[in-house]
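Visitor: I'm new to reading protein models. Could you walk me through this one?

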Amino acid sequence: MARRKRPLFARWYPDAAARLEARGLAEQRARLLAPLEGRVLELGCGFGANFPHYPAAVTELVAVEPEEHFRDLARARAGELGRPVTIIEGTAEALPVESGSFDAVVATAVLCSVDSQAAALAEIARVLKPGGALWGFEHVGSPRRARHAFEKALDAVLWTHLNGGCHLSRDTLGAIRAAGFDTSGIRTERFAFLPFPVSKSPHIVGAARKPAPTA
Ligand SMILES: C[S@@+](CC[C@H](N)C(=O)[O-])C[C@H]1O[C@@H](n2cnc3c(N)ncnc32)[C@H](O)[C@@H]1O
């Protein structure tokens, strides 16, 4: 099934997110991306918030983004930065790139929004070189039962529809493990991902190694 377009989200998200960058998210991005090198594929790049933080050791950057308005903003950002980025239309569930061709895949606040985490993670494993890893941060569902139940209800009635397909309640670490990735490089941290004063929410942060091929 084709992914539903979400042009309204692409219009309001950049301004809202810019406030978060100034409140610590930019440092979070810089810390996350500092160890990267080689050929990198970024999924759901949005307006290109990660672009300034890729180190020089990244020799090629390709970004896949389903929303046209985000792609336009990301191209403008790459131009301002003087950073060559190949920005292409596509979704994480059907990546329009060759198998085994990237040293790293980056997804920040994207697995909360994809239609199918299992399909996206299978594609990420497909396009990574042996030994490659998925790098990113994702807000995840609360470990507290009552709060998690509230998040699920909010996702169902309102949140996901208003926020570009985002889900508050997902167990993204569980999905990454279920896809066979080695998650020993992932830690949990609490920080804010909404641009207005709310309590900090749990995030997973770090790198998940591509599953070794089965014999
Ligand atoms: C919350 S925004 C995060 C944008 C950016 N990664 C960042 O860190 O600011 C979610 C992004 O995921 C993208 N997205 C949503 N569904 C997707 C899918 N199925 N495949 C790839 N990207 C998707 C959206 O278009 C948007 O760019």
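What follows is a short chat about gaps, rings and loops.

Visitor: Before we start, what kind of model is this?

Guide: Residues are numbered from 1 along each chain as its sequence is written, and side-chain values use heavy atoms, with hydrogens and water left out. Local features need pLDDT of at least 70, side-chain atom pairs count only at pLDDT 80 or more, totals for chains, interfaces and linings use all residues, and the model is predicted.

Visitor: How much space lies in the largest pocket?

Guide: Rolling a probe the size of a water molecule over the atoms shows where empty space is left. Here that's done on a 1 Å grid over the protein atoms alone: a pocket is an open set of points with protein on both sides within 12 Å along at least five of seven lines, while a cavity is a set where a 1.4 Å probe fits but cannot get out. Grid points are joined across faces, edges and corners, and a volume is the space filled by probe spheres set on the points. For the largest pocket, that comes to about 780 Å³.

Visitor: Which element gives the most to the lining of that largest pocket?

Guide: A lining residue has an atom within 4 Å of a point, and 45 residues line the largest pocket, with F9, Y13, A109, C112 and S113 closest to its centre. Helices (H or I, at least four residues) and strands (E, at least two) are DSSP runs, numbered from the N terminus. The elements that give two or more residues are α1, β1 and β5. With eight residues, the one that gives the most is α1.

Visitor: How many residues of the pocket lining are charged?

Guide: Ala, Val, Leu, Ile, Met, Phe, Trp, Tyr, Cys and Pro count as nonpolar, Asp, Glu, Lys and Arg as charged, and the others, Gly among them, as polar. The lining of the largest pocket has 26 nonpolar and 11 polar residues, and the charged ones number eight.

Visitor: Where is A109 found, and is it buried, exposed or partly exposed?

Guide: A109 has a positive phi of about 55° although it is not a glycine. Its place is the loop between β4 (102-108) and α3 (117-127). Buried means under 20% relative accessible area, exposed over 50% and partly exposed in between, using a 1.4 Å probe and protein chains only. At 32%, A109 is partly exposed.

Visitor: Moving on to rings, what type of aromatic pair do Y13 and F70 form?

Guide: A pair of aromatic rings is described by the distance of the centres and the angle of the planes. Rings of Phe, Tyr and Trp (its six-membered ring) pair if their centres lie within 6.5 Å; planes under 30 degrees apart count as stacked, over 60 as edge-to-face and the rest as tilted. Three aromatic pairs turn up by this rule. Y13 and F70 sit 6.0 Å centre to centre with 90° between the planes, making their pair edge-to-face.

Visitor: How many residues apart in sequence are the parts this pair ties together?

Guide: Y13 is partly exposed at 24%, whereas F70 is buried at 5%. Y13 lies in helix α1 (residues 7-33) and F70 in helix α2 (residues 68-81), so the parts they tie together are 57 residues apart in sequence.

Visitor: Which residues does K200 touch?

Guide: K200 is in the loop between β6 and β7. Its C-alpha is 9.8 Å from that of H139, though the two are 61 residues apart in sequence. Contact means heavy atoms within 4.5 Å. Not counting residues up to four places away in sequence, K200 touches R190, F191 and A192.
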